[in-house]
Amino acid sequence: QGDTTRRSVMGRREIILVGAFAVLLLVVFWRRDQLTDFWGAEEETVQGNLASPPFDLSIAIVPRREIRPGGPRKDGIPALTEPKFVDAVDALGVRPEERVIGFESNGEARAYPLSILSYHEIVNDRVGDQSVAVTYCPLCDSVAVFDRHTPLGERTFGVSGLLYNSNVLMYDRAETESLWSQMMAQGIDRKSTRLNSSHTDI
């Protein structure tokens, strides 16, 4: 009777182990399907819902799967265009130790506080006789000032809501709505060109 009981216990243990292994296999396959659905849905979201109208990624010079949604939709982070400025002594809320992007052109100097740029990321401005895009990516803590005059004409930039290498992708508000990488200082489609960067101080 003792041997029968031990065999019965061992048999139940084997059944339990086989059942647990089967459940584990089901979980693994379910997770694989979930991940497949996630990446497929994410790529569809990049192509569609996040960009209205969608940005054309078919001619991107970077891997499309490395272009990620950043959270806010297109223009969810509102770029500024030719904002009003005040003298430093009148800049309420800006602390003396605060970091700013300093830019000077033809004797005209301006300071763009990062605390404000964190909410806008791009300022389309005109300093002296130069049209510039002052850009800041909070994720990378990266700063760049670009000449908005390109071989394709003068461009005005907005925030696309997309990222490449965790860096902001700008888009130009021309009819083509091309995407531009701040870090690469160029458009990321085959029709775009490089951006001329200007010296700046922080």
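Over which residues does pLDDT stay under 50, and how many contacts beyond four places in sequence does the model have for them?

View 1. The stretch in question is residues 26-45, where pLDDT stays under 50 and the model has 8 contacts beyond four places in sequence. Residues 47-53 also have pLDDT below 50, with 18 contacts in the model beyond near neighbours in sequence. Where pLDDT is low, the predicted coordinates should not be read in detail. For the chain, the mean pLDDT is 79, and 71% of residues reach 70 or more.

**View 2. The largest nonpolar core, made up of 14 residues.** I122, F146, F157, V159, M170, W180 and L195 have the most contacts inside this core. Two or more residues come from each of β6 (130-137), β7 (142-147), β10 (157-164) and β11 (167-172). Another core, of 11 residues, lies apart from the largest one and includes F103, Y112, V123 and V145.

**View 3. Surroundings of F157.** Leaving aside residues up to four places away in sequence, F157 touches A79, I122, N124, A133, R148, M170, Y171, D172, R173, W180 and L195. Among these partners, I122, M170, W180 and L195 are, like F157, listed with the most contacts inside the largest nonpolar core.

**View 4. The largest pocket, with a volume of about 490 Å³.** Its lining comprises 19 residues, of which F85, V86, A91, A111 and P113 are the closest to the centre. β4 (108-113) and α2 (114-117) each supply at least two lining residues, and β4 gives the most, with 5. By class, the lining has 16 nonpolar and 3 charged residues, and no polar ones.

Terms used. Residues numbered from 1 in each chain as written. Predicted model: local features only at pLDDT ≥ 70, side-chain atom pairs only at ≥ 80, totals over all residues. Heavy atoms only, no water. Core = buried A, V, L, I, M, F, W, Y, C linked by side-chain atoms within 4.5 Å. Buried < 20%, exposed > 50% of the residue type's maximum accessible area, 1.4 Å probe, protein only. Helix = DSSP H or I, 4+ residues; strand = E, 2+ residues; numbered from the N terminus. Contact = heavy atoms within 4.5 Å. 1 Å grid on protein atoms, 1.4 Å probe; cavity = no way out; pocket = protein on both sides within 12 Å on 5 of 7 lines; lining within 4 Å. Points joined across faces, edges and corners; volume = space filled by probe spheres on them. Nonpolar A, V, L, I, M, F, W, Y, C, P; charged D, E, K, R; others polar. pLDDT = per-residue confidence, 0-100.
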